[in-house]
Amino acid sequence: MKMAGSRYLKEPFECAHEHRFETVDRIMALQFETVEKRLERIEAMIGGVEKRLWMTVFGVVGVILSQAAQSLIEFGPK
């Protein structure tokens, strides 16, 4: 005898919780992968900025040392 009503209320869903957990795990893995890629790009940009900063520091130190050497040559023995 066939029962009245929706079959979805009487038949169990096929592994609803298992698929939900697998889906959440896949989504989290994709999110972590995306975050890791972004962090790698940020680290690369920071490396570039660090190189430019050191080049600026060395340039400023070079200018200061060249001015100091020039003033020593000007005020040295004549």
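**A predicted helical protein: surface, salt bridge and nonpolar patch**

Good morning. The accessible surface of this protein comes to about 8,000 Å², and 67% of that area belongs to carbon and sulfur atoms. Such areas come from the Shrake-Rupley method with a 1.4 Å probe, and for residues only the protein chains shown count as cover.

The model is predicted, so local features need pLDDT of at least 70 and side-chain atom pairs count only at pLDDT 80 or more, while totals for chains, interfaces and linings use all residues. Residues are numbered from 1 along each chain as its sequence is written, and side-chain values use heavy atoms, with hydrogens and water left out.

The protein has two helices and zero strands; these are DSSP runs, numbered from the N terminus, with helices (H or I) of at least four residues and strands (E) of at least two. Of its 78 residues, 0% count as buried, where buried means under 20% relative accessible area, exposed means over 50%, and partly exposed lies in between (1.4 Å probe, protein chains only).

How many salt bridges does a search of the whole structure find? It finds one, a salt bridge being a side-chain nitrogen of Lys or Arg within 4 Å of a carboxyl oxygen of Asp or Glu. Glu33 pairs with Lys37, their closest N and O atoms being 3.4 Å apart. About one helical turn separates Glu33 and Lys37, because they are four residues apart in helix H2. Glu33 is partly exposed, at 40% relative accessibility, and Lys37 is partly exposed at 46%.

Finally, Leu53, Trp54, Val57, Phe58, Val61 and Leu65 make a nonpolar surface patch of about 610 Å². Patch residues have over 30% relative accessible area and no salt bridge; like charges are joined within 9 Å, and nonpolar side chains (Val, Leu, Ile, Met, Phe, Trp, Tyr) within 5 Å. Val61 lies in helix H2, residues 16–75, and counts as partly exposed because its relative accessibility is 40%.
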